[in-house]
2 protein chains.
Amino acid sequence: MKDKFALRIRKTQKSFIREILKSAADPSVISFAGGLPNPDFFPVQEIKQACTTILETDGPGVLQYSTTEGYPPLREYIAKRYLSNFGMHIEPEDILITNGSQQGIDLCAKVFVNENDAVLIEEPGYLGAIQALSLYSPRFLTIPLNKDGIDPSCLADICTRERIKLFYAVPTFQNPSGTAYSLEIRRQTAQVLQQYDTIFVEDDPYGEITFRTEPVTPVKKYLGDRSILLGSFSKIVVPSFRLGWICASREFMDKLIIAKQGADLHTNYFSQRIVFELLSNHNIDDHIAKIRNAYKTQRDAMIKSIQNYFPLEIDYTQPDGGMFLWVTLPDGLSSLKLFDQAIRQKVAFVPGTPFFVNGGGENTLRLNFSNSDVDTIDRGMKILGELIKKMLT
Amino acid sequence: MKDKFALRIRKTQKSFIREILKSAADPSVISFAGGLPNPDFFPVQEIKQACTTILETDGPGVLQYSTTEGYPPLREYIAKRYLSNFGMHIEPEDILITNGSQQGIDLCAKVFVNENDAVLIEEPGYLGAIQALSLYSPRFLTIPLNKDGIDPSCLADICTRERIKLFYAVPTFQNPSGTAYSLEIRRQTAQVLQQYDTIFVEDDPYGEITFRTEPVTPVKKYLGDRSILLGSFSKIVVPSFRLGWICASREFMDKLIIAKQGADLHTNYFSQRIVFELLSNHNIDDHIAKIRNAYKTQRDAMIKSIQNYFPLEIDYTQPDGGMFLWVTLPDGLSSLKLFDQAIRQKVAFVPGTPFFVNGGGENTLRLNFSNSDVDTIDRGMKILGELIKKMLT
């Protein structure tokens with residue numbers, strides 16, 4: 001019965017991270033493993049009010065089937081926000097509402113990737129993208145992530161050597177590393193890509209969660225139509241609605257809409273209406289400011305506890321935003337072994353290997369700082385630091 | 001730039017039906033074109049109450065990320081309903097919550113269909129399935145639908161001649177035809193399929209909308225694990241939540257979960273919680289009974305108006321449930337030409353050709369009866385009848 005399955009799925013295993021998250025789900029575990037936003041900042045009352053309002057004013061209307069593209073005023077809101085945040089000129093017709101930005105990755109893969117096409121991804125890379133793209137049987141190539149992004153000359157080398165069909169990246173506060181491409185690297189990345197026939201899928205779920213004073217401009221601003229930009233309300237409103245979007249030029253959009261229609265007809269329309277009602281009546285920037293402040297405090301606590309408790313030999317990123325921090329242990333130390341010991345002491349994190357599409361990363365790990373308070377971070381990091389020190393001796 | 005796109009999507013055109021529905025969206029048009037449930041039966045007050053309750057009792061909890069499989073109590077509810085409705089023994093672990101049953105089709109295609117695999121579909125067949133399956137580049141074969149279902153000996157012939165990887169069907173009140181397989185044909189279909197290595201994807205969004213007194217049992221009851229059964233809350237609760245499910249055995253479920261996770265991590269969790277809250281506090285059977293009564297009255301009106309206004313030469317189905325009725329004009333008459341004339345008189349329907357995956361059906365059309373009241377049905381059908389009579393002379 002094994003060849004019942006399509007080739008694309010035969011090799012896949014149940015996600016390693018899912019298993020990790022299961023052991024981290026025990027409420028007595030201090031978990032730096034998940035990628036959960038802090039629920040203290042979910043606008044519960046505002047959502048309750050929005051539900052009541054839309055059901056009272058447009059009862060059956062918000063419950064019927066809707067268009068594949070999404071709720072027009074919500075698409076217009078997103079387009080306008082690109083203008084006010086970054087001076088980017090995006091039309092509402094360039095926005096397609098998706099089930100989280102994860103669905104954006106799947107639809108781009110479906111529209112662009114043939115079997116054995118060369119697909120480029122950062123190393124370490126976002127696991128959800130690796131999973132989504134894998135199912136279209138591409139040939140994965142990787143480009144290393146440094147502290148301020150990829151190396152554009154390395155990108156140029158790869159693009160010269162190989163015909164890269166699609167480059168998937170998270171240039172801003174990446175999952176898993178927390179890295180953000182510098183402005184200079186954004187411009188150079190765009191310059192390189194403009195010379196080649198490569199689609200740039202730029203996943204940006206964390207861009208609004210910045211600890212800087214200046215907004216972090218998407219590469220699309222410099223690259224134009226060749227970039228497909230993915231966005232999400234999961235980190236700035238709530239994740240359970242699964243609301244994200246694809247921002248793409250008309251040429252790509254026609255095919256993306258066809259793929260979306262085949263995938264699920266349209267995104268949950270009730271939630272689109274709730275979020276638009278919420279955004280119309282509340283200042284989202286005030287709300288985002290609160291999230292930024294809290295996450296910044298938590299990131300500071302995590303970095304301080306690394307400096308306090310971890311041995312000097314380890315390396316770590318110092319993210320200016322997002323939800324994750326990336327640790328590199330000295331060569332030869334295994335983060336998987338560290339995990340086994342840590343979970344016995346009720347601390348969890350994600351070992352780094354699943355983020356390496358072609359192997360490696362045994363001495364790396366991802367830490368989430370968005371969903372633990374400062375005291376919990378201190379307690380958990382102390383335990384991790386002591387375990388790492390013990391492994392080193 | 002044309003070869004930017006993956007082969008699977010290059011041939012696709014914007015959906016014909018989407019264009020039809022756009023012209024039918026004008027509120028002055030009598031539309032038998034769409035596939036919309038009647039919004040008079042949307043439980044607006046109950047949903048408002050459910051939103052308030054879940055947000056007050058589990059505020060942040062209903063807004064966080066959730067599991068790929070879906071909300072466990074909702075999966076348990078669905079499993080229990082298979083037992084109480086049909087005496088089918090389904091475990092909650094055999095249920096995966098999806099974005100409508102449409103996503104179930106996409107995930108099954110992703111998990112089972114390789115390029116050029118033979119995929120069997122009814123003729124006429126559900127357009128959304130044709131669209132979803134097409135993107136996996138199968139080789140489509142068709143089996144004709146008769147008034148009481150497919151011909152099992154024809155199915156046996158096809159399965160002997162070709163290695164059918166997957167057979168997609170809507171055995172109960174099919175879209176577009178309204179046809180339901182008889183009990184005998186259900187048993188025989190299961191018997192035939194048991195002898196071959198074919199996955200049966202049994203899409204059942206309309207089964208609860210029956211005008212019969214006896215429940216209409218899914219083929220899965222007779223076929224067992226080889227059947228993957230798709231279900232939906234769109235027709236019995238509301239469509240905007242995009243809540244459906246896949247019911248499949250453990251062997252298939254592991255791969256379906258991997259595909260679901262890659263596609264969008266999980267289905268909108270807030271809506272899962274709303275629907276479960278609603279189902280826990282209200283008698284869904286009373287609610288479904290109201291929908292059945294209303295749709296039956298509307299179907300009766302449509303059949304009566306066919307008998308009153310249409311020429312004797314036309315053929316039509318008399319569905320015992322669901323939302324659609326299928327008309328066959330005399331040979332040589334074009335339903336597309338009829339559409340052009342009808343839309344000028346502000347009546348819309350869907351011409352039949354898009355439901356024929358390998359061509360044909362020029363003299364067929366689909367009529368929706370669930371979303372028009374009795375008077376509107378009478379007015380619109382009279383106009384259609386007169387136009388058909390004129391075309392005949």
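In the predicted model described here, helix α14 of chain B, which covers residues 374–392, contains 19 residues and reaches 27 Å from its first C-alpha to its last, close to the 27 Å expected at 1.5 Å a residue. Five positions of this helix are listed here as buried, namely Ile377(B), Gly380(B), Met381(B), Leu384(B) and Ile388(B). Seen down the axis of α14(B), these buried residues fall within an arc of 100°, so they line one face of the helix. The partners against which the buried residues of α14(B) pack are β1 (30–31), α12 (284–309), α13 (335–344) and β11 (347–348), which likewise belong to chain B. The face turned away from this buried side carries Asp375(B) and Lys390(B), both of which are exposed.

In α4(B) the buried residues are Leu74(B), Arg75(B), Ile78(B) and Tyr82(B), and, because their directions from the helix axis fall within an arc of 105°, they line one face of α4(B). This buried set packs against the strands β2 (95–99), β7 (227–232) and β8 (243–247), as well as against helix α11, of chain B. On the other side of α4(B) the exposed residues are Lys80(B), Leu83(B) and Ser84(B). The helix is followed by Gly87(B), a residue whose phi is positive, near 65°.

Positive phi values are also found in residues other than glycine. Arg242(A), in the loop between β7 (227–232) and β8 (243–247) of chain A, has a phi near 50°, and this residue is buried, with 30 other C-beta atoms within 10 Å. Asn116(B), for its part, is found in the loop between α5 and β3 of chain B and has a positive phi of about 70° although it is not a glycine. With 11 C-beta neighbours inside 10 Å, Asn116(B) counts as exposed.

In chain B, the peptide bond from Glu123(B) to Pro124(B) is cis, with omega near 0°; here the proline, Pro124(B), is placed in the loop between β3 (118–123) and α6 of chain B.

Turning to the domains, chain A is divided into domain 1, made up of residues 2–42 and 286–392, and domain 2, made up of residues 65–281. The centres of domain 1 and domain 2 of chain A, taken over C-alpha atoms, are separated by 24 Å, and the contact between the domains takes 32 residues from domain 1 and 32 residues from domain 2. On the domain 1 side, the elements that give two or more residues to this contact are α1 (7–10), α12 (284–309), β10 (324–328) and β13 (364–368) of chain A. The largest share of that side, five residues, comes from α12(A). By class, the domain 1 side of the contact divides into 17 nonpolar, 10 polar and five charged residues.

Between the chains, 57 residues of chain B are in contact with 57 residues of chain A. The composition of the chain B side amounts to 30 nonpolar, 18 polar and nine charged residues.

The arrangement of the two copies can also be described by superposition. Chain B can be laid on chain A with an RMSD of 0.0 Å by a turn of 180° and a shift of 0.0 Å along the axis, and the two copies are therefore related as by a two-fold rotation axis. The same surface serves both copies, since 100% of the contact residues of chain B recur in chain A.

Technical notes:
Residues are numbered from 1 along each chain as its sequence is written. Chains are lettered from A and ligands numbered from 1 in the order in which they are written. This is a predicted model: local features need pLDDT of at least 70, side-chain atom pairs count only at pLDDT 80 or more; totals for chains, interfaces and linings use all residues. Two residues are in contact if their C-beta atoms, placed from the backbone, lie within 7 Å. Ala, Val, Leu, Ile, Met, Phe, Trp, Tyr, Cys and Pro count as nonpolar, Asp, Glu, Lys and Arg as charged, and the others, Gly among them, as polar. Copies are superposed by least squares on the C-alpha atoms of residues with pLDDT of at least 70 in both. Helices (H or I, at least four residues) and strands (E, at least two) are DSSP runs, numbered from the N terminus. The expected span of a helix is 1.5 Å times one less than its number of residues. A residue is buried if 20 or more other C-beta atoms lie within 10 Å of its own, exposed if 12 or fewer, and partly exposed in between; C-beta atoms are placed from the backbone. The arc is that of the directions from the helix axis to the C-beta atoms. Domain bounds come from an automatic or database domain assignment.
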